[in-house]
Amino acid sequence: IPFWLKCDGIDNCGDNSDENCDGTDGPGEVKITSSTYAYLYEGDLVFDAELDTDLFMFLEVTDKCAKYDSTVATWEDLKEAWDVGLDLCVHGWLNDATIAQPIHYPREVCDTEGVDHLGSLEYSSKFHIWCKPDTFVVCEKINQFGCKNTLCVPYWARCDGVNNCGDNSDEEHCGYVFLWPGLETDTSGQVRFWDAEKSCQTVGAKLASWEDMYNTFNVGLDICRMAWLSDSTTVHPIHTARDGCGDVGIVHYGNHEYHTTFEVWCEPVMPDFNCNKIGQFSCDNGLCVPQWLVCNGINNCGDNSDERCDNTGLVTFLMPSQQDQKYLFMYKDAAAVCDAVNAVVATSAQLSAAWNIGLDICRKGWLDGGDLGFPLHYPRVTCQEDYGSVSEIQKFAFPNLDEQYDVYCTFKDPSSTCDDVEQFTCNNKLCVPFWLKCDGINNCGDN
């Protein structure tokens, strides 16, 4: 049966096996959690709590809960969820036209421990809604995180420093804020504010808050790129002051018109998230930074792991490996060529880092952003690509992106080796094609 029929409350299989709802929702899908406890109605969208649009008048609440085969919760229903551990600093309607919020950890705004209950209010007032399943709901199918104790909490409550589940499972496997999509020159991934949350969700993350950014900044993140936060402001984190980036700190640019486009600061919410899944460099301290920032002379990770640009860094190499397969790729093909060997198109900085170690290859190759170049240490007559006989990175301005050249790639994973691309391994860990071995040129840099 189709996976979308699983855990829908109907015995579609006939043996009820599709309603065994604690497990995984099909191959490669996320874990699913069935819950019988009261939950906060989230509607169809997920925003930061301060911007959440799921506010309703009392006369609307019955229909909203019915969308998920639920009824409006009673105070006793919410107290039952609170007893299990639910803590959400959000007032929501109950079935008697009162509002309440379940709090275990008093904090600013939510300073009363227990099920904080306010009396009857005007029906025209707008609040969130507490719903109680008629039988059960699957947390992930109502756009919420499933706690280990089977409570459901909104994804915006995950990894916020508060034990919202009561068993702390919403605070496990929390990653740090990363820039998405984090491309060097390509602006196609920039989005309006209203699309920012969706952009993060495509990679198993949520739109980061100011607090999330503050925590990540303290770990060491330094990226000079404005991007959205969940409060509709844009910021970038700076530890090394430099031109165009402002002073040290989280540089804040205030609110913007929602139709303005920027990249996005995201925070992972899926337990299996890692930097490789978004094609970024994995810092030793757990941060993710775009590949084009590796070996750029700036400590973007905070632990300097992105600036280990000797034999312990990510290796940059030429593709294809075969001598007779020269100049086959337009720039639009470059990413796929590198991705096939678990790599990304190298940046100019990454090729420069390889050149600093000693790489010398007389073959033009595409670089990230549509740049074109090759690394040269030993000017020679036989290098027909050498137009200046200069020992440096040869770069060519404004190349025609439809012309065909090779590609310079950089491994995504430090554990990747030259064997993975069928190339010779230099003593300094650089990779060079086997056809360059014993050609009389020190292509490795260590001979």
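**Figure 1. Lining of the second largest pocket.** Helix H5 (331-339) supplies the largest share of the lining of the second largest pocket, six residues. Here a pocket is an open set of points on a 1 Å grid over the protein atoms alone, where a 1.4 Å probe fits, with protein on both sides within 12 Å along at least five of seven lines; lining residues have an atom within 4 Å of a point. Helices (H or I, at least four residues) and strands (E, at least two) are DSSP runs, numbered from the N terminus. This is a predicted model, in which local features need pLDDT of at least 70 and side-chain atom pairs count only at pLDDT 80 or more, while totals for chains, interfaces and linings use all residues. Residues are numbered from 1 along each chain as its sequence is written, and side-chain values use heavy atoms, without hydrogens and water.

The second largest pocket has a volume of about 530 Å³, a volume being the space filled by probe spheres set on the points, which are joined across faces, edges and corners. Among its 26 lining residues, Leu 183, Ala 335, Val 344, Val 345 and Asp 368 are the closest to the centre. Strand E22 (343-345), like H5, supplies at least two residues of the lining. By class, 13 lining residues are nonpolar, seven polar and six charged (nonpolar: Ala, Val, Leu, Ile, Met, Phe, Trp, Tyr, Cys and Pro; charged: Asp, Glu, Lys and Arg; polar: the others, Gly among them).

**Figure 2. Helix H6 and the glycine after it.** Helix H6 covers residues 348-357, and its buried residues are Ser 348, Gln 350, Leu 351, Ala 353, Ala 354 and Trp 355. Buried means under 20% relative accessible area, exposed over 50%, and partly exposed in between (1.4 Å probe, protein chains only). Gly 358 follows H6 and has a positive phi, near 140 degrees.

**Figure 3. Two cis peptide bonds.** Most peptide bonds are trans. The bond from Trp 180 to Pro 181 is cis, with omega near -5 degrees, and Pro 181 is found in the loop between strand E13 (178-180) and helix H3 (196-201). The bond from Met 319 to Pro 320 is also cis, with omega near 0 degrees; Pro 320 lies in the loop between strand E21 (316-319) and H5.

Figure 4. Val 109 has a positive phi, near 80 degrees, and lies in the loop between strands E7 (99-103) and E8 (114-118). With 69% relative accessibility, Val 109 is exposed. Ser 232 has a positive phi near 70 degrees and lies in the loop between strands E15 (227-228) and E16 (233-238). Ser 232 is buried, at 2% relative accessible area.

**Figure 5. Aromatic pairs.** The whole structure holds 13 aromatic pairs. Rings of Phe, Tyr and Trp (its six-membered ring) pair if their centres lie within 6.5 Å; planes under 30 degrees apart count as stacked, over 60 as edge-to-face and the rest as tilted. Tyr 41 and Phe 56 form an edge-to-face pair, with ring centres 5.7 Å apart and planes at 70 degrees. Both residues lie in the loop between strand E4 (39-40) and helix H1 (61-66), so the pair ties together parts 15 residues apart in sequence. Tyr 41 and Phe 56 are both buried. Phe 424 and Phe 434 are likewise edge-to-face, 6.2 Å centre to centre with 70 degrees between the planes.
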